[in-house]
Amino acid sequence: MTIPRATPDPSDTRRDHGPMPDRQVSVGDGTRGPLVTVLLPTHNRRRYLPEALVSVLRQTYRHLEIFVIRDGGEEVSDIIRSFHDPRVVFIDRKDNRGKPHSLNEALARARGKYVAYLDDDDVFYPGHVGTLVDVLEGSTDCRVAYSDLYKTYCEVTPGGDRRVLSKHVEISRDFDRFMMLYFNHVLHVSLMHRRDLLDKTGLYNEQLNILIDWDITRRLAFFSDFHHVVTVTGEFYSPLGECDRISYQRRKDAQDYLRNVVAIRTTRPPKPWPKMKDLSIILIVDRCDERAVNAILRIWRHTFHPYTLRIPLSPADIRRLNVDMPNVDPVPVKPLSTPAEKVDAALRRCAGDYVALVPDRMIIEEMWVERPLYALMHSTAREGFLLEGATPQCWAAVLRRADLDQARRAHTHLPVEASLAAAGIRVREPKEEELPFQFDEWLRQAKIAEADGNWPTAARLFERMGERFGNQRWMKAAAARAYFESRDYSRAGQLSRQVNTECPTVDTLLLEAKVRRRERDYGTAIRLLAQAEQTLGGCTPVPAHPEAALSLV
Amino acid sequence: MNTARTNDADRHKKAQHYEVLRELGDCHTSVGNYTEAQRCYEKAASLGPDEPGPYVGLGVAAIQKNKLDEAEIAFRVACRLDPNCAKAYAGLAMVAQQRRDFPQAFDLYLRSLELDTDSIAALLGMFQVSCEMHSFAKIIYYLEVYLQMHPGDTSVMFALAALYLKDNRPERSETMLLDLLSLEPAHRDAANLLEEVRHTLAGAI
């Protein structure tokens with residue numbers, strides 16, 4: 001397969017400038033494609049490690065280097081030796097130092113152009129690496145790609161065997177940078193990225209003990225869009241009775257969990273950021289007192305968009321300021337400076353795209369700045385947006401830095417709000433449809449409808465969500481199920497067939513089979529169910545309607 | 001905590017593989033692949049040991065292979081797992097019917113019908129058994145009740161017409177057949193039976 005020549009982009013800040021040479025990438029064996037590094041850290045999972053490793057060694061894409069890193073715990077060198085595969089590099093460490101350290105240790109030795117990841121109790125399907133390499137070497141300008149995974153619920157027998165009860169694609173979400181800043185929506189095992197991106201993002205944070213995958217995917221989002229491959233290429237296991245690790249950690253030590261979350265959210269990789277806008281928050285305080293400190297702490301706790309917090313203070317107050325937090329920039333101003341003078345002083349130090357002006361008596365809660373900021377990012381008008389809870393007595397807003405700067409230069413003698421009006425910059429409240437996470441709010445409503453047994457409403461919501469927000473495969477599958485429950489079997493059959501033509505899952509195969517059986521089309525039902533059973537038994541799924549899939553090529 | 005939602009979440013995690021195998025077994029049964037059906041039901045039973053469905057399926061497959069003892073065991077397991085499993089009682093009735101124990105078959109079909117008033121299989125089984133026993137009063141009653149709830153069901157109408165004739169009520173039989181033919185003018189069996197009824201009526205005059 002010949003990859004088309006990429007068009008050079010003058011704004012491209014990547015090191016390899018100029019047009020990409022034509023490449024021949026053979027998905028079948030990958031011997032002439034770029035080297036891919038697969039990282040497989042392991043700790044006390046002797047029972048499942050062989051299956052995980054086999055799934056890597058059996059990739060149709062062959063040009064791999066596979067790092068297995070023993071992070072203390074049980075010996076596994078005998079297992080590794082038994083494979084006799086020269087592509088495997090075994091790092092055998094006796095002491096347990098955590099997953100981030102294990103990954104960094106391997107990355108220090110990695111040579112691949114791309115990096116992929118596998119946990120020692122999960123599996124890739126044979127086409128996983130080839131599918132993602134194909135995309136990254138192809139016409140996308142993304143340097144990160146990810147696929148869909150089955151979450152496999154299983155029972156573990158006394159002997160340690162895993163008996164599969166179900167496989168579900170629970171999330172199949174197209175890349176959403178704003179969501180990624182708030183929380184992760186890309187599974188680590190589904191991810192592949194260019195290794196040289198880590199020169200920009202930095203390596204794995206060894207101070208974190210959970211959510212390390214979100215930390216890296218969030219940082220990658222500063223430098224690249226992610227290409228979502230809507231294909232199931234692997235599985236991660238969820239034994240019944242075992243707590244979800246994140247939920248467990250959250251319950252066990254809420255403060256530690258919060259520490260990890262805030263540490264991630266306040267991480268700012270070195271600039272330039274080709275894909276991320278920066279925000280300066282100017283906190284307007286009278287003095288460094290308890291109210292000011294509380295405001296700082298609340299900003300630190302509740303803000304998820306990357307920011308720098310600039311606090312205009314007198315030199316004496318700067319000396320009194322005793323907060324050990326990242327991204328805080330005290331700005332020296334004369335005592336008795338007016339609010340406008342404080343803003344001007346801080347503004348001179350702002351380098352990002354957006355500025356939020358916040359008095360310390362402002363109520364700061366979840367999404368306090370992100371909601372109006374999102375509206376501003378998607379606005380084409382010359383305007384700013386009020387923060388939620390802003391009043392004429394407690395005025396707070398987010399603006400484009402260039403607009404604020406221009407208004408202040410032209411009308412320095414006026415208060416900030418008046419100078420914006422004089423410069424013709426309107427500041428208003430965002431409308432409901434301008435706010436972020438519309439998809440998630442609709443999803444919440446649809447799930448409520450499902451739980452209430454209101455299937456027709458749920459079905460319509462899912463279909464409209466697919467039309468309006470994307471995530472088509474996910475929404476079609478959800479709508480198909482809701483239509484089936486509401487006894488609209490015709491529509492359920494249409495939607496499930498559409499999904500099964502391109503990317504079947506066990507759920508959609510089962511659903512379409514039930515519809516076909518109702519229609520007494522037993523032959524088709526048997527074929528679909530047999531395919532579902534194959535997938536549950538461990539075989540790679542293929543399109544349920546191959547003859548229809550061929551017509552798409 | 002919402003118990004209903006927790007139960008749904010548990011079912012979501014546990015039931016899929018079982019459901020695939022059970023559906024596959026049912027489909028194989030529908031096309032007569034009883035060996036394949038049995039394989040699927042056995043696997044389904046191991047995944048859902050508390051579910052009666054696979055055992056009902058195994059019983060049906062065994063009946064088709066004329067393995068009545070095996071079928072009876074399977075249906076009894078299903079009844080034990082779910083005392084309200086109408087299909088299991090219908091299955092036991094079929095076994096009894098095959099063994100020509102018609103009174104027991106009738107009672108088991110009746111039990112099945114009490115659990116599922118829409119069970120056409122139970123009704124038609126009762127019809128067949130009643131004909132064997134030459135005892136029509138009870139089955140006529142249940143068919144009339146069913147027809148009240150499902151007006152226009154021509155298979156039940158035809159069965160009733162035949163029973164009325166056997167029960168020496170040719171006038172009622174004629175009325176029923178005329179109603180049936182108004183719904184399905186091309187119903188050949190009904191037309192033939194109507195001719196027979198009219199012949200009987202003519203002979204009675």
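Which residues does Tyr109(B) touch, not counting residues up to four places away in sequence? They are Ala90(B), Ala93(B), Ala122(B), Gly125(B), Met126(B) and Val129(B), where contact means that two C-beta atoms, placed from the backbone, lie within 7 Å. Before going further, please keep in mind that this is a predicted model, in which local features need pLDDT of at least 70 and side-chain atom pairs count only at pLDDT 80 or more, while totals for chains, interfaces and linings use all residues. Residues are numbered from 1 along each chain as its sequence is written, and chains are lettered from A and ligands numbered from 1 in the order in which they are written.

Together with Leu40(A), Phe462(A), Leu529(A) and Ala161(B), Tyr109(B) touches the most other members of the largest nonpolar core, which has 162 residues. Domain 1 (22-265) and domain 3 (438-550) of chain A each give this core at least three residues; the domain bounds come from an automatic or database assignment. A nonpolar core here is a set of buried Ala, Val, Leu, Ile, Met, Phe, Trp, Tyr and Cys residues joined through C-beta atoms within 7 Å. Buried means that 20 or more other C-beta atoms lie within 10 Å of the residue's own, with exposed at 12 or fewer and partly exposed in between. Apart from this core lies another, of 44 residues, including Ile296(A) and Leu309(A).

Now to where the chains meet. In chain A, 19 residues are in contact with 16 residues of chain B. Strand S9, helix H20 (506-518) and helix H21 (522-536) of chain A each supply at least two residues of that side, and H21(A) gives the most, with 8 residues. Helices (H or I, at least four residues) and strands (E, at least two) are DSSP runs, numbered from the N terminus.

S8(A) and S9(A) (residues 162-168) run antiparallel and are joined by 6 bridges; strands pair if DSSP finds at least two bridges between them. Glu155(A) stands opposite Arg163(A) in this pairing. The two strands form a hairpin with 5 residues between them, and Gly160(A) in the turn has a positive phi of about 95 degrees. S8(A) also runs parallel to S11(A) (residues 226-239), with 9 bridges, and Val144(A) stands opposite Phe226(A) there.
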